[in-house]
Amino acid sequence: MIIEETKQSIHDALCVAWNLICNNSIVYCCGAAEISCSLAVEAAADRHLGIEQDATRAFADVLDSIPMALAENSGLQLQPI
């Protein structure tokens, strides 16, 4: 059982390396897209006034919470700021 899992892990790693060599485009994960969107939404909030600005900033905060939830679910112990 352990040998089969080891073989599968090595196979998966080699497939990842092969795919990166053949096609070097990378899709970022683990919340990178959400952080990028959050920064763009936060910058766009400056163009609005009043309640629209508050709603836009709140949406940016929600986008920031997604990577935090992913990190906590994967076992990272987050320290309060």
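The side chains of R57 and D46 meet in a salt bridge, with an N to O distance of 2.6 Å. R57 belongs to helix α3 and D46 to the loop between α2 and α3, so this pair ties together parts that lie 11 residues apart in sequence. Salt bridges with shared partners join E42, D46 and R57 into one network. The model discussed here is predicted, and its chain contains 3 helices and 0 strands.

- R57 is partly exposed, its relative accessible area being 25%.
- E42 likewise counts as partly exposed, at 29% relative accessibility.
- D46 is exposed, with a relative accessible area of 52%; the cut-off for this class is over 50%.

- A search of the whole structure returns 3 salt bridges.
- One of the bridges is formed by the side chains of K7 and E4, at 3.9 Å from N to O.
- The cut-off for a salt bridge is 4 Å, so the 3.9 Å pair of K7 and E4 falls within it.
- Both K7 and E4 lie in helix α1, which covers residues 2-22.
- The two residues are 3 places apart, about one turn of the helix.
- K7 is exposed, and its relative accessible area is 52%.

- Helix α2 comprises residues 32-45, 14 residues in total.
- From its first C-alpha to its last, α2 reaches 20 Å, close to the 20 Å expected at 1.5 Å a residue.
- The buried residues of α2 are S38, V41, A44 and A45.
- Viewed down the axis of α2, these buried residues fall within an arc of 125 degrees, so they line one face of the helix.
- The cover over the buried residues of α2 includes helix α3, residues 51-73.

- S38 is situated in helix α2.
- With a relative accessible area of 2%, S38 is buried; the cut-off for this class is under 20%.
- When neighbours within four places in sequence are left aside, S38 is in contact with A60, L63 and D64.
- V62 is placed in helix α3.
- The C-alpha atoms of V62 and S38 are separated by 8.3 Å, although the two residues are 24 residues apart along the chain.
- V62 is partly exposed, with a relative accessible area of 48%.

**The segment after α3**

- G75 is found in the segment that follows α3.
- At 48% relative accessibility, G75 counts as partly exposed.
- G75 and Y28 are 47 residues apart in sequence, and their C-alpha atoms are 20 Å apart in space.

**Overall dimensions and surface**

- The elements of the chain run α-α-α from the N terminus on.
- The radius of gyration of the chain is 19 Å, whereas a compact globule of 81 residues would have one near 12 Å.
- The C-alpha trace spans about 60 × 35 × 15 Å along its principal axes.
- Of the 81 residues in the chain, 14% are buried.
- The chain exposes about 6900 Å², and carbon and sulfur atoms supply 65% of that area.

Conventions
Residues numbered from 1 in each chain as written. Predicted model: local features only at pLDDT ≥ 70, side-chain atom pairs only at ≥ 80, totals over all residues. Heavy atoms only, no water. Helix = DSSP H or I, 4+ residues; strand = E, 2+ residues; numbered from the N terminus. Expected span 1.5 Å × (residues − 1). Buried < 20%, exposed > 50% of the residue type's maximum accessible area, 1.4 Å probe, protein only. Arc of directions from axis to C-beta. Contact = heavy atoms within 4.5 Å. Rg over C-alpha atoms; globule rule 2.2 N^0.38 Å. Areas by Shrake-Rupley, 256 points an atom, 1.4 Å probe, with all protein chains shown as cover.
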